[in-house]
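User: I would like to go through this model piece by piece. Please set the terms before the details.

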Amino acid sequence: MSLFTVATFLAILAIFAAVADVVLIAIATLVGGPARRAMRDAIGPYALWMAALVAATAMAGSLYFSEVAHLEPCVLCWYQRIAMYALTVVLVVAAMRRDVGVRPYVMALAGIGAVISAYHIAVQRLPGLPSGSCSLTAPCSAIQVEVFGAITIPVLALIGFVSVLTLMAVAVGPGDEVRA
């Protein structure tokens, strides 16, 4: 499978995830009562598994880019990977245990990853920004993959982190009552 095919597939998944994030956030913040309760009832019990799937897909995508397509990750990419790989492990274990008690830790890690991703996007779009200790062979400002004229690897990561945050916000565990 070609780099373009995989990148396009991941970009399409990211677009669907971003739309779902916007819908979930809109329902949670703008719509009250029965609609919010119905959304939590429908998605909440599966949110840990969905978040684990998002993180695992992002991890698999990053491994494809580096190990199969031989794209060298920059320093900021490594920081994002550290957060996403850790999220994958924590979320899979939490989903297996049905433990929504990991919410604060997952949200903190996903929040940090999202901030790094957002900064990486800014570095790519505004190359004059300082990017720390980037290497000459893998500068943080380089755009190695771009799909649909806007979706780069850090954009994919940002959408993944925001999706995990959104899903954790609606996650409910066994015995949890859905709040209006």
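Analyst: Buried means under 20% relative accessible area, exposed over 50%, and partly exposed in between (1.4 Å probe, protein chains only). This is a predicted model: local features need pLDDT of at least 70, side-chain atom pairs count only at pLDDT 80 or more, and totals for chains, interfaces and linings use all residues. Residues are numbered from 1 along each chain as its sequence is written, and side-chain values use heavy atoms, with hydrogens and water left out.

User: Is serine 163 buried or exposed?

Analyst: Serine 163 sits in helix α6 (residues 153-170). Helices here are DSSP runs (H or I, at least four residues), numbered from the N terminus. Contact means heavy atoms within 4.5 Å. Serine 163 touches Ala17, Asp21 and Val54, not counting residues up to four places away in sequence. Its relative accessible area is 3%, so serine 163 is buried.

User: Which elements do the buried residues of α4 pack against?

Analyst: Helix α4 covers residues 75-97. Its buried residues include Leu76, Met84, Leu87 and Leu91. The buried residues of α4 pack against α3 (47-68), α5 (103-125) and α6.

Definitions and conventions: Helices (H or I, at least four residues) and strands (E, at least two) are DSSP runs, numbered from the N terminus. The expected span of a helix is 1.5 Å times one less than its number of residues.
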